[in-house]
Amino acid sequence: MNFDIAQVLPDGLSLWVALTLVAVSFVASMITALFSLGGGIAMLATLGLFFPPAVVVPVHGLVQLGSNGGRAVVQRAHIQWRLMVWFGAGSVLGIVLGGSLAVSIPEALFQAVIGLFILYCVWVPQPRVTGRGPVADFAAGTIIGGIGMFVGAVGPLVANFLRKLDDRRQLIATQASLMTLNNTAKAITFTLFGFAFAQYLPLVLAMILTGFLGTIIGSRILDKVSEVTFRRGFKLILTLMALEMLRQAIWG
């Protein structure tokens, strides 16, 4: 019996498109391992070229679950668990609440607000924050988790919240852990709302595998990057992501 690869691909998706998505997953994960963000939004934009909007956010969340989970495992020694507990708990609550309201709020409005907020935080001088406390961490997690149900990729918001961490490895490892929890809760929520992940699983698993390879390579490169170079790249990536959000909000 001859095996037809089309049988394991989502309806209407060609092999070449599937291979493109698998390759983009590798590159996106490597970028994220280096700069803590950027890869998630790149993956979101690529998926948007081939899938309808109702499919993009759930599938993106599942792909990012694998990517962030792999990065969290590789860099687990640097995870800041206090932030993980309180921010993560808030994220779960926000995702549940946001999922029930996602159909009623314009996505463009959220994208514009997020983009402007990130630009403000990156470029306007602000006092150094050394501690925010459990209540503030929980509140931030709730807000960001809820927003993620509307705009898909909240990596820039999480990364901006974690800017207070002094060590780049702590920042990347903690963000990866928080986004793993975020994506897990998102996948469960979309499943409860009736989204059928089954036909996308073979493609998603292939993307997770190449994404994990990208994470390993990016993590090794990170060890050779100086703190100053990392912070400059981190700031640049945040700015580019914010400008892209504003572009999408204004021109779609």
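What share of the contacts in the chain with a separation of 6 or more comes from residues 24 or more positions apart? The figure is 86%, where contact means heavy atoms within 4.5 Å. The structure is a predicted model, so to speak a computed picture: local features need pLDDT of at least 70, side-chain atom pairs count only at pLDDT 80 or more, and totals for chains, interfaces and linings use all residues. Residues are numbered from 1 along each chain as its sequence is written, and side-chain values use heavy atoms, with hydrogens and water left out.

As for the overall make-up, the chain has 10 helices and zero strands; these are DSSP runs numbered from the N terminus, with helices being H or I of at least four residues and strands E of at least two. Of its 252 residues, 51% count as buried, that is, under 20% relative accessible area, with exposed meaning over 50% and partly exposed in between (1.4 Å probe, protein chains only).

Helix H1 (residues 15–35) packs against helix H2 (residues 39–50) at an angle of about 165°, and their axes are 8 Å apart. Axes here are lines fitted to C-alpha atoms, for helices over the stretch in contact, and angles run from 0 to 180 degrees between N-to-C directions. On the H1 side the contact includes Val-17, Leu-21 and Ala-28, while H2 brings residues including Gly-39, Met-43 and Phe-50. Sorted by type, the residues of this contact come out as eight nonpolar, five polar and no charged; Ala, Val, Leu, Ile, Met, Phe, Trp, Tyr, Cys and Pro count as nonpolar, Asp, Glu, Lys and Arg as charged, and the others, Gly among them, as polar.

Leu-21 turns up again in the largest nonpolar core, which has 27 residues; Leu-21, Leu-47, Phe-51, Val-59, Leu-203 and Met-207 have the most contacts inside it. Such a core is a set of buried Ala, Val, Leu, Ile, Met, Phe, Trp, Tyr and Cys residues joined through side-chain atoms within 4.5 Å. Two or more residues each come from H1, H2, H3 (53–74), H8 (168–192) and H9 (201–222), and H3 gives the most, with six. Leaving aside neighbours within four places in sequence, Phe-51 touches Pro-10, Leu-13, Leu-21, Val-56, Tyr-200 and Leu-203.

Back in H1 sits Thr-20, partly exposed at a relative accessible area of 37%. Thr-20 and Met-207 are 187 residues apart in sequence and 9.8 Å apart in space, C-alpha to C-alpha.
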